[in-house]
Amino acid sequence: MEAENLIEHAEGRALIADAGYDADRIVEFIRELGMKPVIAMNPTRKNGRRRKNRALYRLRASVERFFHDIKRFRAVASRYEKTARNFLAVVHIACIYVWVK
């Protein structure tokens, strides 16, 4: 149920997700929103197998690399800052550093 609450705020023509979102109810909910589900198949799935758009799924890898890069900053990964404002400032600085690099 939490996945649907998160997905209902998504915008775009496709929703790219990992195998953790590979459930028939989630895929159907994504289609009801008018988006194309681009979700990796859960390796344990036996029925209802479907293909994914590999070109779109490659975009997910660039997002994963970005989060890996900013989590290399200890202040971001450990959330040293107590207030949301200060933490957001640290995230902005990390993002700027990754972008410039």
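**Exercise 1.** Determine which residues of helix 2 are buried and how they are arranged about the axis.

*Solution.* Step 1: within helix 2, which spans residues 24–32, the buried positions are Ile 26, Val 27, Phe 29 and Ile 30. Buried denotes under 20% relative accessible area, exposed over 50%, and partly exposed the range in between (1.4 Å probe, protein chains only). Helices (H or I, at least four residues) and strands (E, at least two) are DSSP runs numbered from the N terminus.

Step 1: viewed down the axis, these buried residues fall within an arc of 160°, so they line one face of helix 2. The arc is taken over the directions from the helix axis to the C-beta atoms. Asp 24 and Glu 32, on the other side of helix 2, are exposed.

Step 2: the cover over the buried residues includes helix 1 (2–7), strand 1 (14–17) and strand 2 (36–39).

The model is predicted: local features need pLDDT of at least 70, side-chain atom pairs count only at pLDDT 80 or more, and totals for chains, interfaces and linings use all residues. Residues are numbered from 1 along each chain as its sequence is written, and side-chain values use heavy atoms, without hydrogens and water.

**Exercise 2.** Identify the largest nonpolar core and the element that gives the most to this core.

*Solution.* Step 1: the largest core has ten residues, including Ala 3, Leu 15, Phe 29 and Ile 39. A nonpolar core is a set of buried Ala, Val, Leu, Ile, Met, Phe, Trp, Tyr and Cys residues joined through side-chain atoms within 4.5 Å.

Step 1: two or more residues come from each of helix 1, strand 1 and helix 2. Helix 2 gives the most, with four residues.

Step 2: a second, separate core of seven residues includes Phe 87, Val 90, Val 91 and Ala 94.

**Exercise 3.** State which residue forms a salt bridge with Arg 25, and which parts of the chain the pair ties together.

*Solution.* Step 1: the partner of Arg 25 is Glu 4, with the closest N and O atoms 2.4 Å apart. A salt bridge requires a side-chain nitrogen of Lys or Arg within 4 Å of a carboxyl oxygen of Asp or Glu.

Step 1: Arg 25 lies in helix 2 and Glu 4 in helix 1, so the pair ties together parts 21 residues apart in sequence.

Step 2: Arg 25 is partly exposed at 48% relative accessible area, whereas Glu 4 counts as buried at 10%.

Definitions and conventions. Contact means heavy atoms within 4.5 Å.
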